[in-house]
Amino acid sequence: MSDVNIIQLVDVEKSFGSFTAVSNLSLDLKQGEFFSLLGPSGCGKTTALRMIAGFQDPTRGRILIDGQNMEDVPANRRPTNMVFQSYAIFPHLNVGDNVSYGLRHRGIARAEIDARVSEALAMVELGGLQKRRATELSGGQRQRVALARALVMRPKVLLLDEPLSALDKKLREQMQFEMRHLQRSLGITFVMVTHDQYEAMTMSDRIGVMFKGRLVQVDAPAVLYARPRNREVASFIGEMNFLAAEVIGEDAGTLTVKTPCFAPLKIARNPNAVGYGNHILTGIRPEQLAIGRAAPEGYDATVEGQVGDVAFYGENVHYHVRVPGVDRPMAVSVPNYFHTVDYARGDKVWLGVQGASVIDLGSEDTEI
Amino acid sequence: MIRLRSETAKGVALSAPATLYVGFLVAAPLVILVTYSMWTQSYVTIDKTLTLANYREALTDPLVRLLMLRSILIAAAVTVATVALAYPIAYFIAMKAQRKTLWLLLITIPFWSSYLLRVFAWKLILGFNGVMNSALLAVGVIQEPLTFLLYNEFAVVLTLAHAWAPFAILPIYVSLQKIDPQLLEAATDLGNGGLERFLRVTLPLTVPGIVAACLIIFIPTVGDYVTPSLVGGSDGKMIANLIQVQFGAANNWPLGATLSLLAMLAVGFAAIVFVLSATGLGRRIR
């Protein structure tokens, strides 16, 4: 990754009639980074990607690729290539002709085309399948052909529209690693659109979270997880227990908060959160709560509750624990160390929490 | 109630309606036709000794050859003209139009009136004192009525092309409609302008629709006799007119049957050659 901005979106807006799909989108993407636009369906992320590709024109604002304004550059002249959600493999062409599609009829020597196609197919581990018919490919192979067909063009930016959503879970996980590896070794900027938070987190250098046409937060996956800007982001990425809190003391870096169920906790201020007052929203990730038959020792605050639903996930177990003063049960995730499910519905348990794991979510929207 | 004892019996029962239908309405008439073609007409009676005399007569008669060739050429001209005109219309409806159903309904409007009426309408338009000539005379473009409009091959091609238009539009429309819009975007993304994209993606993907449209028009057009007899004049007569004469005025059913079979063979051969070369050509576009 370098410091050069390969894509710059400046106040980009897109409206369809009275509906605003994307509003005030400003974003700088670095050369060589893997960037994901994450959000629920209909949040405008695909529209944003299609504007970069040139399939849609912004209503307002500017898009620059490698410093060049794209306003009058049609999609077929842009230095971007796209992997489509349906993969859009040409059904009347074989694999080789699909991959070489953008190179043919351009005055490029046959030998060079063949060499580049072989190289691209080898890259996606489909070496030697040039003659295979498009209709005979599996889902995973179609995805790889789509990737090879775009990469063979040597684009400055590769755009990926939900590239893995059509694959089954195992294949999807494998492709996540392969694509990440490919992106690192090629050094091409990848911009991916996805609604799958795990996909975005495992693959991306940075993630932009979008809701209702607005870009809400842009950060590295770990920062996004630990310091979400507000309730929207916190609940979309991973699971979160929300607690309304009263600010009873503050200094430069910390806040002392009183939640309905725990003794006062000293928590770190979240630089991403906005809006402060006497009341803020706080969040605790399920895996950061301790659980035990007796009050866990060495924790900043503890509370007694009763186990409700128990969900066994394999690698961990989720307990929903009702505690006094909080309407919704607290979710607690315990790693499955010894193949045991230790608590059952109705059991009395104690929860423990460290102030350092409680996330300050600001007061932008404190209602739960 | 009939009790079906085995899978075989069930299978026979299920396929019986189709078998009977095809047997009585396709196979039996064909057998009768072949039989007739091998008999001969002697004045008012039919000589039922099997012979290939009719085939010899038909194949050596220059008139038969001329009419057969003309029928195929006229049908080919109608097919080309109709498909060439239908493709842009189908493209517009499938790709650009907002109200597809309305447009498709409008396309079928000519079918709401009888085919004969439509042919007569063309006679009124193209005739010596017809709409076209009157209009051109009134405007002063011509000094006397044009005579080349009606009673020739041109009139036949024009009338048939108009009549068959919906049959060409619909299959092409369906094949255009089936194209995934992302394929077109992928072509653009890979550097194609509008024309190149059409030639390399849209056109090859609509080859099945074009082939279907061509066959739907070509096959019945070769054997059409209403249009040529109404607007074709003597230059526009086709093989079906000769067949009609054999079964009518000439009262030579065996020769008529022979000519029908030869026409079927010629059409079948032309159609097979066409389908093979068209699909082959479609596959070569890359």
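What share of residues 12-39 of chain B is helix and what share is strand, and how far apart are the end C-alpha atoms? The span is 93% helix and 0% strand, with its end C-alpha atoms 36 Å apart. The views below show a predicted model, in which local features need pLDDT of at least 70, side-chain atom pairs count only at pLDDT 80 or more, and totals for chains, interfaces and linings use all residues. Residues are numbered from 1 along each chain as its sequence is written, and chains are lettered from A and ligands numbered from 1 in the order in which they are written.

View 1. UniProt, in an unreviewed entry, lists "transmembrane region" at residues 12-39, 72-94, 154-176, 197-219 and 261-281 of chain B. UniProt positions are given in the numbering used here, feature names are shortened, and annotations may be inferred rather than shown by experiment. Residues 72-94 of chain B are 100% helix and 0% strand, and their end C-alpha atoms lie 31 Å apart. Helices (H or I, at least four residues) and strands (E, at least two) are DSSP runs, numbered from the N terminus. The record also places "domain: ABC transmembrane type-1" at residues 68-274 of chain B. That span is 76% helix and 0% strand, and 17 Å separate its end C-alpha atoms.

**View 2. Packing of α7(B) against α10(B).** Helix α7 (residues 153-177) and helix α10 (residues 207-222) of chain B have axes that come within 7 Å and cross at roughly 155 degrees. Axes are lines fitted to C-alpha atoms, for helices over the stretch in contact, and angles run from 0 to 180 degrees between N-to-C directions. The two helices are therefore roughly antiparallel; angles under 35 degrees count as roughly parallel, over 145 as roughly antiparallel, 65 to 115 as roughly perpendicular and the rest as oblique. The contact includes Trp164(B) and Phe167(B) of α7(B), and Ile210(B) and Ile216(B) of α10(B). Two residues are in contact if their C-beta atoms, placed from the backbone, lie within 7 Å. By class, the contact has 14 nonpolar, 3 polar and no charged residues. Ala, Val, Leu, Ile, Met, Phe, Trp, Tyr, Cys and Pro count as nonpolar, Asp, Glu, Lys and Arg as charged, and the others, Gly among them, as polar.

**View 3. Packing of α3(B) against α7(B).** Helix α3 (residues 62-96) of chain B packs on α7(B) at an angle of about 40 degrees, with the axes 6 Å apart. The pair is therefore oblique. Their contact comprises 25 nonpolar, 2 polar and 1 charged residues.

**View 4. Interface between chain B and chain A.** Here 15 residues of chain B meet 17 residues of chain A. On the chain B side, α8 (181-189) and α9 (194-205) each give two or more residues, and the largest share, 6 residues, comes from α8(B). This side divides into 6 nonpolar, 5 polar and 4 charged residues.

**View 5. The two domains of chain A.** Chain A is assigned domain 1 (5-231) and domain 2 (239-360), with bounds from an automatic or database domain assignment. Their centres, taken over C-alpha atoms, are 38 Å apart. Each domain gives 6 residues to the contact, and the domain 1 side has 1 nonpolar, 2 polar and 3 charged residues. An unreviewed UniProt entry annotates residues 7-237 of chain A as "domain: ABC transporter"; this span is 34% helix and 27% strand, with end C-alpha atoms 25 Å apart.
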